[in-house]
Each structure stands twice: as structure tokens, then as C-alpha cells.
Amino acid sequence: MNRTTLSLIGAATALAAVTGVAALTGGSSDDADSAAKAATRLPVQRSTLLCPTPSSSDVSSTTYTAYTPKRDGVDAKDGTAALLPAQNPADDVPNPGDDAGKGDKKGDQPSPGGDKPVLPLKEPGKPVTTDQDSAGAPALIGTADGRFAPGWTVQQTTTIDAGSGRGILGTACTAPDTNFWFPGVSTDKNRQDFVHLTNPDDAAAEVDLKLYGPSGRLKPSTDESITVPPRSTVPVLLSTLTDQRVAGASLRVTARTGRIGAAVQAVDQKAGSDWLPASAVPSTSVAIPGIPKDATSARLVVFAPGADDADLKVRLAGPNNSITPAGHESLHVKSGMTAAIDLGDVTKGEPGSLLLTPEGGDGPATPVVAGLQVTRGKGSDQETAFIPATGAIERSATAADNRTKGSTLSLVAPGATAKVRITASAGAGGGSPVSKTYEVKGGTTQALEPPRPASGKGPYAVTVERLSGGPVHASRMLALPQGGVPMFTIQPLPDDRGLVAVPEADQDLSLLNDD
């Protein structure tokens, strides 16, 4: 056994530049525990976000909002944050009369399209916003560094006024990664689901797409490997990957080389459209926060990616306690297969969240990924949205685009009671921030209208900070009804990974090599 001691000066510098939470371990578990206790959490120095192409509809409009919260311990002067349009290999020749890049502007913010940076931030704590009124809005690739990196958030909210995809489509732009799970996708004839793959780097990314249905892997009808050129975006219609038509499936997106952002746009001919966010990483216990109180139906989709079957308890955390939905006490999910159950109007007029936990037994618990399709309205006035399994907020999370009316914040504490602080930023057009503190009792969901900025104008951001107590999971619903249709979209609020764990300067980082 050889033990090599490394200098931490370079290691700390490298770690501070990583987006996300990093942990350094080596040697025995006791060594790892000691290292974790000695680590200091510092603000990240660089963040990358990827926004998918909003819509191809000629009757669509998109609002982009970017925001970085103010943070203690961050240099108050240095840093930039902005996005640039990604290339679409299918758009080699622009259509005559295209209006891309000529959308309306708010303030001095350029609209997406062309070579100008989009949504450059001027100061932390104040959002910036811009509108794009045509179907020519591109995918966006952006980077924030210095004081703008920790907690940088970009939201795109698209309204489609008519047609089979009419509705509100909202998504938070995502950080690049190599692995994504999307339970709840469909290859059915009534749905058109596109996965948008965006490559932020200067080398091509090789991506594998695999679909899983109720009986296991869906038989591919074409090559499931996709090449995404440098700094480009590629949309793929999922029904072209297989001849099997499945209403409830799961999609795995894996980058074999490089890294990508992945987002699924689901268009239903009867129930509108929305973005279907990726599930949190596979976990033995799952929280799906923020089912609206007036939901007319809810469909749960769960996938077990490991070698073992999963047996899960299903609970609904409401405003006062957690209950078992009648007729849906448990769920068995076979390994490598997708299971789906229709829960109907499960919330019965009260807001709630779904909690999935191991049912017990002699064997180890099995990790799963999960998502929920939620419908509001009935008949021709239906609108749909998707809520994925959402990771807990370790420190803070932000929803960037909130309006004077229509925002609902949902918080669920699956275990112990949690205390949180919710801060409304200044508006894009002015105002000052407002903060309030809330307590979320264990086993319950608290749905609330977030505070609004004092004298605020324009869209504003809402940041949730976990102060104490047990884990808390959150989502934000934005409701913008139109013509009798209850248009809405729901975004999960996982931790923003604005801090990175860095060992103390006087601590040895030891790597154990067994020879």
C-alpha cells in the first residue's frame, strides 16, 4: 500500500471552479468522514447552462429571465454572465422572411438570435428579462463566472396560443451532464415527444438514447446513437426511435463522449404541452413536490434502472399530514421496466406531494426514478404539466420567472420539520427584495403564494433557502390562464449547487493505492 500526500493549494483551486458539489475522499471511511468534516464550502467560480429551442410554432412567444442571487463571501466586482445562440445543423439555410432575433425587447436586453450575448447580468440580486415573439428563437448556451456563477438560474417560459401544442411551456435551463432519466415520455400516436440535445463544448458529443416500456427495453427501429456537433443542438422525435407505441415509457440519455444538456418537450393533441424535466438521480426514497389542489388527474410513472425489482409505499403529503391514496397503497416495479398508475384527482381539492419509500422486506432497497403527469381542467379546456422526482434543497434553489399573479410555491418535508426563508428579488424593472420565513411540518406540503418585491416591476426571482431541520423539496407552479384554459407549468427546484466542498488548506489529501 502506497500513500501519496498531495498539496491542496492546486486541488482547492480546481475544485472551486467546478459547478456543483464536490467531495474528496480517500483511504478508509473514517478518513472520508474526517475529510468531509474538515472541508470548507466555497462559492463556485464558473457555471454553464443550456436552454433548449423553445418552439417551432408561429403563434408562440417566449420570455427569458436570468438571475443570480446575492451571496456572502463572493467577490463583489469580478464576473460576467450571458448566453449565446447554439447552432442547429438543420438550419443551414434560413427561411426567407424569418424574424429570428427581431423579437420585442425589454430594457436593453437583446433578443435571442444573431451573435450578441443574451441576458447579460449587471449585478447579482436583480433579474434581467427579454421576449422573443417568433418561432425563430434558438437554443442557448451560456456561462457565468465570478460573482455571477453561484446560483445562476435562467428560465424560459413559452406561450403557444393555438394548435395542438397550445399552452404554457416552462423550463429552467440545465447544467450539462452525461446522464439523464426521463420517466413519463411517450411514443403514443397522440403525443409528440422531442428530446433536445445541446452540446456546449468545442468537440462533438456522442449520445445514446434508450427507451423502456412496461415490458422492458423498447425495440429500436433505427440507430439510437446521436452525434451532436460542437456548440449545437439536435432535436430527436422519440417515436422515430421505435415502432412500438407506448403511452408511459422512460428515456435514458447517456453521453458516451463529451457532455450535453437534455430536455424533453411533450406535445399532447388534447391536453396541451410542456417541458418534461429530468428526474433526480436514482434513489430509494423519492419526493415529487407540488401537485396543484385543482388537479383533475395525475399519472405516476416509475422506472427501476438496477438489477432488482422495487417495492414502494405510496403516500400523499397534504397540508396537515400524509395519507395513503385509496387503492394505491404500494407499487411494484420490475427491474428494467416502467410502471405507471393513474391516481385520478388524488389531491381532492388540497395541494399535495407524492412520497415514494421502500416498502420493506429482507433485501436492500432499490433505487428508482419517477415523474408525474398532472392535468388541470376538463374536456377541450385541459392543460398538462410534469413534475419529476426532485432532489432536496441542501442550501438554496431559485425560480427565476415569477409574475405579479400566478406563482405558487410548494414545499414538502418528507421527514423532520424544516425551516426555510423565501426571498423575492427586486423586479427586472425595479423594486427591492422581500424575505419571509416559513416552517414546513414533517410529512406535510405547504403551498403558498411567494412574497413579491416591494414596489417591484416586471418578472422577479424567488429563492428558497433551507435554514434548519429535515430535508425539504420544492417546486414552483406558474399559472397563466387564457381563454378558459387553465394554462400552467411546473418547475422543480433542486439545490442550485452554488457551493463546492474544498478541504482546509492545512489538511492532507491522501490517496490510497493497493499494490
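This is a predicted model: local features need pLDDT of at least 70, side-chain atom pairs count only at pLDDT 80 or more; totals for chains, interfaces and linings use all residues.

A: The torsion about the S-S bond of cysteine 51 and cysteine 173 is about 110°, so the disulfide is right-handed. Its two ends lie in distant parts of the chain: cysteine 51 belongs to strand β3 (residues 46-51), while cysteine 173 sits in the loop between β9 (167-172) and β10 (179-185), 122 residues apart. The S to S distance is 2.0 Å, and the structure holds one disulfide. Cysteine 51 has a relative accessibility of 0% and therefore counts as buried. Cysteine 173, at 8%, counts as buried too, because the cut-off for this class is under 20%.

The structure holds four aromatic pairs. In one of them, the ring centres of phenylalanine 180 and phenylalanine 182 are 6.4 Å apart with the planes at 15°, so this pair is stacked. Phenylalanine 180 is buried at 9% relative accessibility, and phenylalanine 182 is buried at 0%. Tryptophan 181 pairs with tyrosine 212 in a tilted arrangement, 6.3 Å centre to centre and with 45° between the planes. This pair also links distant parts of the chain, with tryptophan 181 in strand β10 and tyrosine 212 in strand β12 (residues 205-213), 31 residues apart. Both tryptophan 181 and tyrosine 212 are buried. Together with Phe303, Trp181 and Tyr212 form one aromatic cluster.

Next come the nonpolar cores. The largest one has 31 residues, and Ile291, Leu300, Val302, Leu354 and Leu372 are those with the most contacts inside it. Taking leucine 372 as the example, and leaving aside its neighbours within four places in sequence, its contacts are Ile288, Ile291, Ala298, Arg299, Leu300, Leu343, Leu354, Ala385, Phe386 and Ile387. A second, separate core has 27 residues, including Val234, Ala249, Val264 and Phe386.

The charged side chains come next. Across the whole structure, a search finds 13 salt bridges. One of them joins arginine 41 to glutamate 394, at 3.4 Å from N to O.

Another salt bridge is formed by arginine 376 and aspartate 294, whose closest N and O atoms are 2.9 Å apart. Here the arginine is in strand β26 (residues 369-376) and the aspartate in the loop between β19 (286-291) and β20 (295-303), so the pair ties together parts that are 82 residues apart in sequence. Arginine 376 counts as buried, at 10% relative accessibility, whereas aspartate 294 counts as partly exposed, at 37%.

In a further salt bridge, the side chains of lysine 348 and aspartate 345 meet at 3.1 Å, N to O. Lysine 348 is exposed, with a relative accessible area of 63%, while aspartate 345 is partly exposed, with 36%.

The last topic is the strand pairing around β21. Strand β21 (residues 310-317) pairs with strand β23 (residues 330-333) in the antiparallel sense over four bridges. In this pairing, aspartate 311 stands opposite histidine 332 in β23. Strand β21 also pairs in the antiparallel sense with strand β25 (residues 352-358), over six bridges, and there lysine 313 stands opposite threonine 357. Leu354, listed above among the residues with the most contacts inside the largest core, falls within the residue range of β25. A further antiparallel partner of β21 is strand β22 (residues 322-323), over two bridges. Leucine 316 stands opposite isoleucine 323 in β22, and β21 and β22 form a hairpin with four residues between them.

Notes. Residues are numbered from 1 along each chain as its sequence is written. Side-chain values use heavy atoms; hydrogens and water are left out. A disulfide is a pair of cysteine sulfur atoms within 2.5 Å. Buried means under 20% relative accessible area, exposed over 50%, partly exposed in between (1.4 Å probe, protein chains only). Two strands pair if DSSP finds at least two bridges between them. A salt bridge is a side-chain nitrogen of Lys or Arg within 4 Å of a carboxyl oxygen of Asp or Glu. A nonpolar core is a set of buried Ala, Val, Leu, Ile, Met, Phe, Trp, Tyr and Cys residues joined through side-chain atoms within 4.5 Å. Contact means heavy atoms within 4.5 Å. Rings of Phe, Tyr and Trp (its six-membered ring) pair if their centres lie within 6.5 Å; planes under 30 degrees apart count as stacked, over 60 as edge-to-face and the rest as tilted.
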